[in-house]
Amino acid sequence: MPKLPEVVRGAITDYRIVHRKHKTRAGRIKIYGKGGAIIEINPDMSYDLQIATLVHELLHACDEETGGGLKEREVDRISVAWVALYRRNGWKLPGQ
Ligand SMILES: [Zn+2]
């Protein structure tokens, strides 16, 4: 299984990627002000679900870095389309 990156550099903030188990969540983002941020990804999922979750959380990050306002459903829809766009064009996803 490809490995997710350890750090993703956003436009403003660097996001450390951490594998952490959750009972109900695929992932989440924690932002610590100026100090940086962590994106937690549940390691019990397949790579496909982990990458979809990472893209989803990174879209939240992009939204936050540009003023915010996207609703959860919008983040869901755009992140699913983003992963499909990469796959259909044969582009590498993080860790591949
Ligand atoms: Zn979300």
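Confidence comes first. The protein averages a pLDDT of 90, and 97% of the residues score at least 70. pLDDT is the predictor's confidence in each residue, from 0 to 100. Where pLDDT is low, the predicted coordinates should not be read in detail. The mean is lowest in β3, at 86, and highest in β4, at 95.

This is a predicted model: local features need pLDDT of at least 70, side-chain atom pairs count only at pLDDT 80 or more, and totals for chains, interfaces and linings use all residues. Residues are numbered from 1 along each chain as its sequence is written.

Now the strands. Helices (H or I, at least four residues) and strands (E, at least two) are DSSP runs, numbered from the N terminus. Two strands pair if DSSP finds at least two bridges between them. Take β4, residues 37-41. Strand β2, residues 14-19, runs parallel to β4, with five bridges joining them. Strand β3, residues 27-31, runs antiparallel to β4, also with five bridges. Look at Ile39 in β4. Ile17 stands opposite Ile39. Ile29 stands opposite Ile39 too.

On to the helix. Leu59 sits in α1, which spans residues 47-65. Is Leu59 buried or partly exposed? Leu59 is partly exposed, because 19 other C-beta atoms lie within 10 Å. The cut-offs: 20 or more such atoms is buried, 12 or fewer is exposed, and partly exposed is in between, with C-beta atoms placed from the backbone.

What does Leu59 touch? Leaving out residues up to four places away in sequence, Leu59 touches Val75, Ile78 and Ser79. Contact means C-beta atoms, placed from the backbone, within 7 Å. Leu59 and Ile78 are 19 residues apart in sequence, yet 8.1 Å apart in space, C-alpha to C-alpha.

Technical notes
Contact = placed C-beta atoms within 7 Å.
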